[in-house]
Amino acid sequence: MFAAIASMICIQLGLAASVGLFDSVGPSGAVSLRLACAAVLLLALVRPRPRDFTRASILATVALGVVTGCMTLAFMAAVARLPLGTASALEFLGPLAVAAFRGRRATVLWPVLAGAGVLLLTEPWHGRTDPAGVGFALAAAACWAGYILLTQRVGDQVSGYAGLAVSTAVAGLVASAVAGPSVAAGLTWPLLAAGFGLAVLLAVVPFSLEMYALRKLTAGAFGTLMSLEPAIALVVGGVLLHQAPGPLAVLGVALVVAAGVGAARTGSRAVGSQRPAVGEVQPPTGDDSVTGRTVEPAGAGHVPAGDR
């Protein structure tokens, strides 16, 4: 439990720290720098080989990388315009949508709760919330929904961490195509050090913590814990970025969290729906339909949903 919570805290701390790079390289530049550094680290550590992939799995991995890059770019653009807690809660609608449509016991309660939370977070009747920021956050939510489905497929088909390393490299290429030239022109050693630091804080450390947590917790317990992420984002945004939320925003985040907890407890993937990874006989496993993280025995192929 503590490992999963520590992972979420690392991610939100990393996102808050990324805001400090906006003045130097902009939101898309911060994404490009971080993903490129994460790709270098993971490729060096994992060293994926062509034999780790089939034609279908490499296509799924590349698609996962494209979606990851788009998701991260859209989310950082939202964070540049909205409080961190609001952006995280809006992005969490993606996993909630997947859980609502794929849950074993279909219910409209969780989408209704989440929708009410979004209304309280954005307060459209006042017109104070940046509509572009909301649009970017909702685009990130849509990408996260696709990310979950692709993560499940890659986790089923690719053994070990090779899928994570390759998809992160593709995500880095996508982000670099958007902002790479501008970042390269102004790249300094302090910026490069910051990029590698954020890559560790937002990718390597959370990934390790999640792997440990997934081996100790059930899918429902892990999904319930991950539903706390918007609330953690609200606290980190308030403490580090001085983004003091109003009472309606706090209530809105609480409703989104409650919807996530409910969806995590009512939605799960059918046991035995996974296919063995390349060259591997894999026992049936389960996953959490809210976060898309696959719960597997130690040593099984796994691609976490984590880099935002």
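Which helices each supply at least two residues of the lining of the largest pocket? In this predicted model, they are α4, α6 (109–122) and α11 (229–240). The pocket has a volume of about 300 Å³. Its lining comprises 20 residues. Nearest the pocket centre lie P83, T86, L121, T129 and A249. By class, nine lining residues are nonpolar, seven are polar and four are charged.

Helix α4, one of the contributors to the pocket lining, also packs against another helix. Its partner is α3. Helix α3 spans residues 55–79, and α4 spans residues 84–91. Two packed helices are described by the angle between their axes and the distance between the axes. For α3 and α4, the angle is about 145 degrees. The axes lie 9 Å apart. The crossing of the two helices is right-handed. On the α3 side, the contact is made by M71, F75, A78 and V79. On the α4 side, L84, A87, S88 and E91 take part. Six of the contact residues are nonpolar, one is polar and one is charged. E91 counts as charged because Glu belongs to that class, and this residue sits on the α4 side of the contact.

R47 is not a glycine, yet has a positive phi of about 55 degrees. The residue is found in the loop between α2 (22–46) and α3. R47 has a relative accessible area of 64%, so it is classed as exposed. H242 also has a positive phi, near 55 degrees, and is likewise a residue other than glycine. H242 is placed in the loop between α11 and α12 (247–266). With a relative accessibility of 69%, H242 counts as exposed. The cut-off for this class is over 50% relative accessible area.

T168 provides a buried example. This residue is placed in helix α8, which covers residues 162–185. Its relative accessibility is 8%, so T168 counts as buried. The limit for that class is under 20%. Leaving aside residues up to four places away in sequence, T168 touches L35, A38, A39 and L42.

How values were computed: Residues numbered from 1 in each chain as written. Predicted model: local features only at pLDDT ≥ 70, side-chain atom pairs only at ≥ 80, totals over all residues. Heavy atoms only, no water. Axes fitted to C-alpha atoms, helices over the stretch in contact; angles between N-to-C directions. Helix = DSSP H or I, 4+ residues; strand = E, 2+ residues; numbered from the N terminus. Left-handed = near helix turned anticlockwise from the far one by under 90°. Contact = heavy atoms within 4.5 Å. 1 Å grid on protein atoms, 1.4 Å probe; cavity = no way out; pocket = protein on both sides within 12 Å on 5 of 7 lines; lining within 4 Å. Points joined across faces, edges and corners; volume = space filled by probe spheres on them. Buried < 20%, exposed > 50% of the residue type's maximum accessible area, 1.4 Å probe, protein only.
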